[in-house]
Every structure is written in structure tokens, then in C-alpha cells.
Amino acid sequence: NKKKINLQIWDTAGQEKYRSITKMFYKDASAAILVYDITREESFLEIKNFWFKEVKENSSEDLVVALVGNKMDLYEYEEVKKPEIEQYAKEHGAIFKETSAKEGTGVDEVFRLIGLKLISPEFYDKVVNQENSRQHRLKSKSSMLITNNTNNNSQFVAGGLQNSTMLSEGGKKKCC
């Protein structure tokens, strides 16, 4: 929309000992970003069992909530599966995005999506639907054939390279 918005960001602690004072931070908030660690299932369960409800009950009705899975650079240690979180976010009308604070991946996108949803929920829905459609087309078109030179077996893998491993000519594992 080429509109500029200013965001005032408060990073509140998620630990139980700070729960009583965090309400004053999100009481008048327009958006909330709930971050969990994809390598620790209990961090998502804290959001699911406490924080999501807490923020929604103690803020404005039109609060924009973003559910953010951090540490996507460590996907090989993932304990919280992306499809489960996507479904949860969809059911609760939340934005969902994975990020890597370490690499800076996806962080700007979270704020872009929040801004879009704050300015124009209809335009946000249109943009997200277009992006999801494009990603679905890319996943369905991307495929590869993995050949193991040791025993000449081949394996067809659809849907891209994430979490895929193949053997190089020397028989060593090589990550895609």
C-alpha cells in the first residue's frame, strides 16, 4: 500500500514470574507477536495453553496476532511441526511466519504482514492468499531424483529440498 506506519515495540519476558506485569504492555496494543522456539515444543505449548488466550482476553477486539516460530536455521532439530502451527494460526486468525533471528531471515516479513493487516485486513488477505498460492505452485512443480551411486537405487522426492539428504560421489552425506 506504500503507507508508512510507526511501530512502538515492547519486548516482554515470557517467563512465569513476569506474567503479572506484562498485561500493562499489551492492554492497548494493536498487535502482538508471540514467539516460540521451533526446537522446543514446550515453548509453543506455553503460547497455545496460556499466552494466546491471555493476550486476546486482555487487549482490544481487533488485535492483530502474529505467531512466530524462531530458529528456522535449526530445522533439523525441529520439535514443533510447521503444518500443525499453520493450522492453529489459521483457526485463530493469526499471522504465521517462521524466522531466524540469528540469520535475520523472515523478521522483516513478520512486520510487513502485521503492517498490512493493521492498515487493510482485506488487502492483507489478498496478499497472503496470492503468496500461499504461489508457494503451493512452486512446491508442486519442484522435485528431484536422488540416486545412490553405491547400489544404483533412485528415490523420487517431491516438494522441494527441505530436510533432504543425498549422497555425494564419495558416499558422504551432503545436505541440500
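Helix 3 (residues 82-91) lies across strand 1, strand 2 and strand 3, and its direction makes an angle of about 160° with that of strand 3. The model described here is a predicted one. Strand 3 covers residues 95-98, and together with strand 2 and helix 3 this strand makes a β-α-β unit that is right-handed.

Helix 2, which comprises residues 41-57, lies across strand 1 and strand 2 and runs at about 165° to strand 1.

The three strands form an open sheet in the order 1-2-3, and their pairing is parallel. Strand 1 and strand 3 are the edge strands, each of them pairing on one side only. On average, and with direction ignored, neighbouring strands of this sheet are turned by 20° against each other. The two pairings are set out below.

| Strand pair | Sense | Bridges |
|---|---|---|
| Strand 1 (residues 31-37) and strand 2 (residues 64-70) | parallel | seven bridges |
| Strand 2 and strand 3 | parallel | four bridges |

Individual residues show how the strands are set beside one another. In the pairing of strand 1 with strand 2, which runs over seven bridges, Ala31 stands opposite Val64 of strand 2, while Ile33 stands opposite Ala66 of strand 2. The chain passes from strand 1 through helix 2 to strand 2, and the β-α-β crossover made in this way is right-handed.

Which residues meet where helix 2 and helix 3 are in contact? From helix 2 come Phe44, Lys48 and Phe52, and these meet Glu84, Ile85 and Tyr88 from helix 3. Sorted by class, the residues of this contact between helix 2 and helix 3 are four nonpolar and two charged, with no polar residue.

How values were computed. Residues are numbered from 1 along each chain as its sequence is written. This is a predicted model: local features need pLDDT of at least 70, side-chain atom pairs count only at pLDDT 80 or more; totals for chains, interfaces and linings use all residues. Side-chain values use heavy atoms; hydrogens and water are left out. Axes are lines fitted to C-alpha atoms, for helices over the stretch in contact, and angles run from 0 to 180 degrees between N-to-C directions. Helices (H or I, at least four residues) and strands (E, at least two) are DSSP runs, numbered from the N terminus. Contact means heavy atoms within 4.5 Å. Ala, Val, Leu, Ile, Met, Phe, Trp, Tyr, Cys and Pro count as nonpolar, Asp, Glu, Lys and Arg as charged, and the others, Gly among them, as polar. Two strands pair if DSSP finds at least two bridges between them. A crossover is right-handed if, with the strands pointing away from the viewer, the path from the first strand over the helix to the second runs clockwise.
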